[in-house]
Amino acid sequence: MSDSVRLFRNVPLKSRNTFGVPAFAPLLAEVDDASVLPDVLASADLRDHPPLVIGGGSNLLFVGDPQVPLLALTGNRVTVVGEMHGAAILRADAGTTWHALVIESLALGLCGLENLALIPGTVGAAPIQNIGAYGVEVGEFIHRVEAFAPATGEWHYLSPTDCAFAYRDSLFKRESGRFIITAVEFALPRDFSPRLSYAGISAQLESAGVSNPTAQDVAAAVVAIRRSKLPDPAVIGNAGSFFKNPILPAAQASALQDANPSMPTFATGSDATRKVSAAWLIDACGWKGRRNADAGVSATHALVLVNHGAASGLELYELAREIAGSVRERFGVALEPEPRLIGATW
């Protein structure tokens with residue numbers, strides 16, 4: 001097999017997921033060069049067992065041990081491959097660390113990704129979840145996604161329309177396993193148009209004495225906000241926001257807000273729906289800062305489940321189910337997890 005491929009057996013996964021929960025995989029294949037994927041997937045180790053693709057482990061929870069091999073794409077090349085309508089086309093391998101890509105794009109004088117600074121994970125995972133933060137979703141800046149389809153052996157280049165992006169959703173998430181994302185191309189403008197409408201960014205810039213922000217200034221503000229609100233996975237295990245903000249019919253959201261005036265709601269781009277704050281719902285049910293043994297809820301952000309040290313994936317999953325049940329019982333709102341659950345269904 002190619003020198004760009006490394007195989008490991010009976011692999012401990014505690015260091016490969018940001019929750020830091022223990023789990024084992026029967027096999028892990030690390031692949032630096034995605035062009036050899038067809039050969040890797042046709043090998044004796046993987047041809048009868050389609051692998052589970054993992055990135056930085058920041059958007060999954062191992063509720064149990066995976067029963068299939070794991071595949072990690074580890075290439076991290078970032079290159080400008082073209083220009084289009086005042087934007088540069090920046091191509092990044094799937095294994096590139098997301099925050100590293102944001103920083104490199106800013107160093108190249110490119111804009112658009114600054115509001116997405118410090119989101120954990122890899123480039124390959126970004127389109128799956130259509131990652132978003134502070135008023136921006138990555139799908140807005142994706143030019144095309146390069147992906148391999150194991151079932152057909154074909155390579156695909158998917159446009160944003162093909163990707164069917166939605167709130168924390170995409171074709172890749174809805175049809176899990178159909179594609180392996182190998183690289184992403186972004187169309188990033190050179191002219192900066194700040195997106196400062198999200199609560200906190202303007203205040204953070206003002207506190208830093210910045211009145212005419214650059215893209216780098218906005219990224220620094222976002223980093224400061226995230227570090228103040230979200231626990232560092234290197235310090236305490238977590239996967240960032242565990243629950244999506246529910247999108248409700250406008251009438252239901254209005255009725256909830258009438259009964260709970262302090263509950264934040266957000267526009268969705270449609271008059272028929274409103275997005276409500278999952279963090280507020282969870283906090284209102286008294287979960288912020290609580291813990292069941294070592295599985296807990298962050299004391300600084302109610303959306304973040306944390307591993308205080310020795311929690312299992314099952315314990316975190318059971319806590320998440322308990323939280324969702326209390327929100328449903330009190331407010332009649334169903335919560336959905338953001339991370340992918342391995343070994344369990346929601």
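**Questions on a predicted model**

Trainee: At 22% relative accessibility, does Val210 count as buried, partly exposed or exposed?

Mentor: The structure is a predicted model, and the value is computed from it. Buried would need a relative accessible area under 20%, and exposed would need one over 50%. Val210 has 22% relative accessibility, so it counts as partly exposed.

Trainee: Where does Val210 lie, and which residues is it in contact with once neighbours within four places in sequence are left aside?

Mentor: Val210 is in the loop that runs between α6 (201-207) and α7 (215-229). With neighbours within four places in sequence left aside, the residues in contact with Val210 are Leu205 and Asp217.

Trainee: How far apart in space are Val210 and Leu305, C-alpha to C-alpha?

Mentor: In sequence, Val210 and Leu305 are 95 residues apart. In space, the C-alpha to C-alpha distance between Val210 and Leu305 is 33 Å.

Trainee: Which strands stand at the edges of the open sheet of four strands?

Mentor: The order in this sheet is β13-β19-β18-β17, with antiparallel pairing. A strand at the edge has a single partner, so one of its sides is left without a neighbour in the sheet. That is the case for β13 (237-241) and β17 (291-292).

Trainee: How far is the backbone oxygen of Ala284 from a polar atom of the side chain of Arg330?

Mentor: Arg330 has its place in helix α10. Neighbours within four places in sequence aside, Arg330 is in contact with Ala284 and Cys285. Between the backbone oxygen of Ala284 and a polar atom of the Arg330 side chain, the distance is 2.5 Å.

Trainee: What kind of aromatic pair do Phe242 and Phe243 form?

Mentor: The count of aromatic pairs comes to eight. For Phe242 and Phe243, the ring centres are 5.1 Å apart and the planes are at 70°. Planes over 60 degrees apart define the kind, so this pair is edge-to-face.

Trainee: Are Phe242 and Phe243 buried or exposed?

Mentor: The cut-off for buried is under 20% relative accessible area. Phe242 is at 1% relative accessibility, so it counts as buried. Phe243 is at 0%, so it too counts as buried.

Trainee: Which residues form one aromatic cluster with Phe242 and Phe243?

Mentor: Phe242 and Phe243 both belong to one aromatic cluster.

Trainee: Which ring has the charged end of Lys275 over it, and which has Arg290 over its face?

Mentor: The charged end of Lys275 is 4.0 Å from the centre of the ring of Tyr167. Arg290 is 3.9 Å from the ring centre of the residue whose face it lies over. For Lys275 the ring is that of Tyr167, and for Arg290 it is that of Trp287.

Trainee: What does the twist average from one strand to the next in the open sheet of five strands?

Mentor: That sheet has the order β6-β7-β12-β10-β11 and antiparallel pairing. At its edges stand β6 (78-84) and β11 (154-158), each with a single partner strand. From one strand to the next, the twist averages 20°.

Conventions. Residues numbered from 1 in each chain as written. Predicted model: local features only at pLDDT ≥ 70, side-chain atom pairs only at ≥ 80, totals over all residues. Heavy atoms only, no water. Phe/Tyr/Trp six-rings, centres within 6.5 Å; stacked < 30°, edge-to-face > 60°. Buried < 20%, exposed > 50% of the residue type's maximum accessible area, 1.4 Å probe, protein only. Lys NZ or Arg CZ within 6 Å of the ring centre and 35° of its normal. Pairing = 2+ DSSP bridges. Helix = DSSP H or I, 4+ residues; strand = E, 2+ residues; numbered from the N terminus. Contact = heavy atoms within 4.5 Å. Polar contact = N/O pair within 3.5 Å; in protein donor to acceptor, adjacent residues only side chain to side chain. Axes fitted to C-alpha atoms, helices over the stretch in contact; angles between N-to-C directions.
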